[in-house]
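Please open the model in your viewer and keep the sequence panel beside it. The tour moves from the whole chain to single side chains.

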Amino acid sequence: MTMLVHLKLNFIVLCFFTLLLLLPFTQSTDVKYCGQTDEYAVKVQGVEILPDPVVRGKPATFNISASTGQAISSGKVVIEVYYFGVRVHTETHDLCEELSCPVSAGNFVLSHTQTLPGITPPGSYNLKMTIKDDHNQKLSCISFNFKIVFGSLVSAS
């Protein structure tokens, strides 16, 4: 093998591994706290949305990676969805239906899957999620943007 071919192969391999390392960071979702992070017992490390963008009429999963320094025995999760700054949807879930309670101190993932109605308008949305304990004290409050797109016009048969 010539030196030039060997250098080209090394360059291609280097580019491939660089792409693999950078790929997870290209789809990250920016998360903002509603207040100061030191106010909250639950700290959020990140949000993963599958699929991203969300396809209307299809299931979408929101995985929230978080940690807490204290055990959580019960509570609720309040989700508010905004479209062009207007609240268009609110729902409340029992925390123990979304997670296995009690939640031990340390890292955990709150995962919620929902199918959005087929009539949901495509566009940019903002989701605000508040976690409260059984005494209605705010454990965390975050917001993040996500997009909803039309589904495929071709059905998979």
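**Before selecting anything.** This is a predicted model, in which local features need pLDDT of at least 70 and side-chain atom pairs count only at pLDDT 80 or more, while totals for chains, interfaces and linings use all residues. Residues are numbered from 1 along each chain as its sequence is written, and side-chain values use heavy atoms, with hydrogens and water left out.

**The whole chain.** Show the protein chain as a cartoon, where two helices and nine strands can be found (DSSP runs numbered from the N terminus, H or I of at least four residues for helices and E of at least two for strands). Following the sequence, the pattern reads α-β-β-β-β-β-β-α-β-β-β. Of the 157 residues, 31% count as buried, where buried means under 20% relative accessible area, exposed over 50% and partly exposed in between, with a 1.4 Å probe and protein chains only.

Together they form an open sheet of three strands in the order β2-β4-β7, with antiparallel pairing (two strands pair if DSSP finds at least two bridges between them).

**Cys101.** Next, select Cys101, which lies in the loop between α2 (95–98) and β7. Is Cys101 buried or partly exposed? Cys101 counts as partly exposed, because its relative accessibility is 25%. Leaving aside neighbours within four places in sequence, Cys101 is in contact (heavy atoms within 4.5 Å) with Ser73, Ser74, Leu95 and Cys96. The C-alpha atoms of Cys101 and Ser74 are separated by 6.7 Å, although the two are 27 residues apart along the chain.

**The charged group.** Finally, show the side chains of Glu80, Arg87 and Lys128, which are linked in a network of salt bridges (a side-chain nitrogen of Lys or Arg within 4 Å of a carboxyl oxygen of Asp or Glu). Arg87 meets Glu80 at 2.9 Å, N to O, and Lys128 meets Glu80 at 3.9 Å, N to O. The latter pair links distant parts of the chain, with Lys128 in strand β8 (residues 123–133) and Glu80 in strand β5 (residues 75–83), 48 residues apart. Glu80 counts as buried because its relative accessibility is 11%, whereas Arg87, at 48%, counts as partly exposed, and Lys128, at 27%, also counts as partly exposed.
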